[in-house]
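Good morning, and thank you for coming.

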Amino acid sequence: MPKLRGEAFWRETLRSAHYVVAPMVDQSELAWRLLSRRHGAQLCYTPMLHAQVFLRDANYRRENLYDEACPEDRPLIVQFCANDPEVFVQAALLAQDYCDAIDLNLGCPQMIAKRGHYGAFLQEEWDLLQRMILLANEKLSVPITCKIRVFPEIDKTVKYAQMLEKAGCQLLTVHGRTKEQKGPLAGVASWEHIQAVRKAVNIPVFANGNIQCLSDVEECIRKTGVHGVMSAEGNLHNPALFEGRNPLVWEMAEEYLEIVRKYPCPLSYVRAHLFKLWHHTLQVYQQLREELAKVKTLEGIVDVNRELKLRCQEEIANQKEGEKPKEGLPFFHWICQPYIRPGPKERCRENGDSGTEKGVRGKRALEEEEDGNSELLSKNKQKKKLRNPNKSFDPSLKPKYAKCDQCGNPKGTKCVFNMCRGCCKKRAFKEVADCPGHGLLFKTKYEKSLSWQHSQKGIQTPEISQRGDTEVGETAVLKEAGDSTG
């Protein structure tokens, strides 16, 4: 059967999907995809997979794709990050039988993507991207798609999209933010950019950004003309978003936990999902938030979820008639609803010097954090304190290390030269000396070698030759000593 392309691919293979769950690292795993599909999602992406690791590591392939094969989980698109055409295609060939298309991630803006040179940090390398997509389009039996971020300029974004289409991309997801728009600087996604791309290309386009509820989905399709809309954070806080419902949090949490029992995943994924679902409630019940962070088993997470449900039901029972949601929320905290990420100004106000607006503690001064007071320690240090109650973070109590005479690194406490191991090794080799503190025995091994040579009998050589052999032997012994102690 010939490979479907463009509109035909979207219409037949993807079943004209309008409601799409985004690829989310450690979050769009099989259990979450199945929950989302039960509540309106028509197409899902896997979490972003690293092509190089997928290619070389059979366990990685099994854990992230092969073991998750499920008839209910279709249509499905597998997303890879990559920066090498051959590696990308070889990894895609190993995945193509388990999905309906392969997606190239060109939208990840995180620092890890910058260090790894993939995601949105490839968007200026058009020649490389053309080669990757051309090769994938030629070699794969399933279509190749791309997820991109926009440039500040609409014209450049349009040319970028047209280049990808010409190279062989069969479907384009456009996140209407630049790679600099992330975290507290995310701001509002530009539907204007998305609309311009939709008008300029002849392949299906999905929109991503500003999706918090079903009315946002409908408005985005109406304004931009896209074929479908992708949701990430909105879906994490309300998996029934595409149904247009705002269910009770514990209903979604309990259903998800039941799916996890059937299709297990790492506990960290489960914990992260419950933190998202219960986000607003956990601001009220801080103690349960701490318990959810510490629990180490699925049953423990189920117990915390049950306790949160009981607390909310008690609150509902004691609710006064006409009472309205607090903290400016559209619904009461026990109902699935959007989370609006605070911008830099709001975050500054929350963390400002004046104290604790909305119950949020201000930023810690460095000296306050380091004085050992557990109330002022960061969360990571508090966890370390729990594991080791005697641990102190007071900088005045940290051990002081004497420095190496040569390089300034900490010296060995038993070094005969008062040096670090690297400098000690060089000097001991040069002087044919020992340093028991660092386990360097150049002199001892050299003397043993000479003793062994003198003990040999029956070897008669001229004096000059014997001297030459001895010098060669000395060099070999020293080299052997250096190798064995390095």
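**Helix packing in a predicted model**

Let us begin with helix 13, residues 267-277, and helix 16, residues 298-317, whose axes lie 10 Å apart at an angle of about 10°. Angles under 35 degrees count as roughly parallel, and therefore helix 13 is roughly parallel to helix 16. Please keep in mind that this is a predicted model.

Which residues meet here? Helix 13 contributes Leu267, Val270, Arg271 and Leu274, and helix 16 contributes Leu298, Ile301 and Asn305. Sorted by class, this contact has five nonpolar residues, one polar and one charged.

Let us stay with helix 16. At 1.5 Å a residue, its 20 residues should span 28 Å, and the end C-alpha atoms are 29 Å apart, which agrees. Its buried residues are Gly300, Ile301, Val302, Val304, Asn305, Leu308 and Cys312. What do the buried residues of helix 16 pack against? They pack against helix 12, helix 13, helix 14 (279-284) and helix 15 (286-294).

I turn now to the second pair. Helix 2, residues 30-38, packs with helix 12, residues 249-262, at an angle of about 130°, and their axes are 9 Å apart. That angle makes helix 2 oblique to helix 12, and the crossing of the two is right-handed. On the side of helix 2, the contact involves Ala31, Trp32, Leu34, Leu35 and Arg38; on the side of helix 12, Met252, Glu255, Tyr256, Ile259 and Val260. By class, this contact has eight nonpolar residues, two charged and no polar ones.

Thank you for your attention.

How values were computed: Residues numbered from 1 in each chain as written. Predicted model: local features only at pLDDT ≥ 70, side-chain atom pairs only at ≥ 80, totals over all residues. Heavy atoms only, no water. Axes fitted to C-alpha atoms, helices over the stretch in contact; angles between N-to-C directions. Helix = DSSP H or I, 4+ residues; strand = E, 2+ residues; numbered from the N terminus. Parallel < 35°, antiparallel > 145°, perpendicular 65-115°, else oblique. Left-handed = near helix turned anticlockwise from the far one by under 90°. Contact = heavy atoms within 4.5 Å. Nonpolar A, V, L, I, M, F, W, Y, C, P; charged D, E, K, R; others polar. Expected span 1.5 Å × (residues − 1). Buried < 20%, exposed > 50% of the residue type's maximum accessible area, 1.4 Å probe, protein only.
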